[in-house]
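Please read them with the structure open.

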Amino acid sequence: MSRLLLLSSSRAGSTGYLEHAQPLIADFIGARPAPPKRVLFIPFAGVVKTFDAYLEQVRPAFTAIGLGVDSVHQAADPQAAVHEAEAIVVGGGNTFALVKRLHETDLLEAIRQRVSDGIPYIGWSAGSNIAGPTLCTTNDMPIVEPPSFVTLGLVPFQLNPHFMAGKPPGHNGESREERLAEYLALNPGALVVALREGTALRREGDSLTLVGGLDGVAFSADGQAALAAGSRLDTLLTPGIQP
């Protein structure tokens with residue numbers, strides 16, 4: 001049974017780092033007979049800060065809810081660390097860098113297998129983006145070239161974190177809606193779930209719920225549809241089903 005918490009962002013509004021996510025993480029992690037005591041953090045999306053610094057940024061949010069944090073970059077055997085992990089946490093940053101490093105350490109299939117075994121997966125931003133079939137709906141600049149755009153496929157739809165509708169005043173580039181329309185023009189069979197900051201998708205097996213106080217948006221070649229905050233979205237777990 002897949003268990004996922006896919007957060008749009010590490011911050012919501014003016015809140016502190018992962019502050020808005022702590023109650024969501026605590027409830028998600030604790031919703032099982034034997035909740036994990038430690039999580040394995042994957043910092044590979046970090047670019048301008050060291051992996052050690054990223055770990056220390058993330059650790060307080062988890063220790064505050066009673067969870068120890070280990071990082072895969074400090075493991076002597078990263079594959080073994082993933083296979084032994086009680087829960088996997090993938091942070092945000094640059095999605096292209098994240099996917100390239102997961103290929104270099106040969107961890108994509110290991111993570112996919114552990115999640116299929118039922119251990120919790122928590123991601124935000126880039127860490128949520130890679131839960132879909134590909135990274136193609138990331139917002140990030142391709143600063144490196146991964147061997148493939150194929151990612152974890154933990155859900156059958158694409159994800160677009162940090163979604164913001166429209167254009168800010170004076171902006172003459174494409175809006176997020178226009179960017180996603182371009183993707184769907186060339187991938188007409190795809191479905192994209194866009195998550196506003198402060199929201200998340202929570203999957204418990206065949207159940208999928210949009211959590212947080214804001215609506216999401218589903219984009220397909222047929223247009224877009226609002227996803228109500230707090231609603232069950234179980235049908236989206238069936239490939240080819242539109243909301």
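This is a predicted model: local features need pLDDT of at least 70, side-chain atom pairs count only at pLDDT 80 or more; totals for chains, interfaces and linings use all residues.

1. Leu6 is buried, at 1% relative accessibility; buried means under 20% relative accessible area, exposed over 50%, and partly exposed in between, with a 1.4 Å probe and protein chains only. Leu6 belongs to strand 1, residues 3-7. Helices (H or I, at least four residues) and strands (E, at least two) are DSSP runs, numbered from the N terminus. Leaving aside residues up to four places away in sequence, Leu6 touches Tyr121, Gly123, Ser128, Ala131, Leu159, Leu195, Thr199, Ala200 and Leu201, where contact means heavy atoms within 4.5 Å.

2. Residues are numbered from 1 along each chain as its sequence is written, and side-chain values use heavy atoms, with hydrogens and water left out.

3. For the fold as a whole, the count is 7 helices and 11 strands. Along the principal axes, the C-alpha atoms fill a box of roughly 45 × 40 × 35 Å. Of the 243 residues, 50% count as buried. Among contacts between residues at least 6 apart in sequence, 68% join residues at least 24 apart.

4. Helix 2 covers residues 51-63 and has 13 residues. From its first C-alpha to its last, helix 2 reaches 18 Å, close to the 18 Å expected at 1.5 Å a residue; the expected span is 1.5 Å times one less than the number of residues. Which residues of helix 2 are buried? They are Tyr54, Leu55, Val58, Ala61 and Phe62. Their cover includes helix 1 (22-30), strand 2 (38-42), strand 3 (68-71), strand 4 (88-90) and strand 5 (120-124).

5. Val58, in helix 2, has 1% relative accessibility and so counts as buried. Not counting residues up to four places away in sequence, Val58 touches Tyr17, Phe41 and Trp124. The C-alpha atoms of Val58 and Leu236 are separated by 31 Å, and the two residues are 178 apart along the chain.

6. Two backbone angles deserve a look. Asp106 is not a glycine, yet has a positive phi of about 55°. Asp106 sits in the loop between helix 4 (95-104) and helix 5 (108-116), and counts as exposed because its relative accessibility is 52%. Ser125, also not a glycine, has a positive phi of about 55°. The loop holding Ser125 runs between strand 5 and helix 6 (126-129). Is Ser125 buried or exposed? Ser125 counts as buried, at 11% relative accessibility.

7. Ser220 lies in strand 10, residues 216-220. With a relative accessible area of 14%, Ser220 is buried. Apart from residues up to four places away in sequence, Ser220 touches Leu184, Ala190, Leu191 and Gln242.
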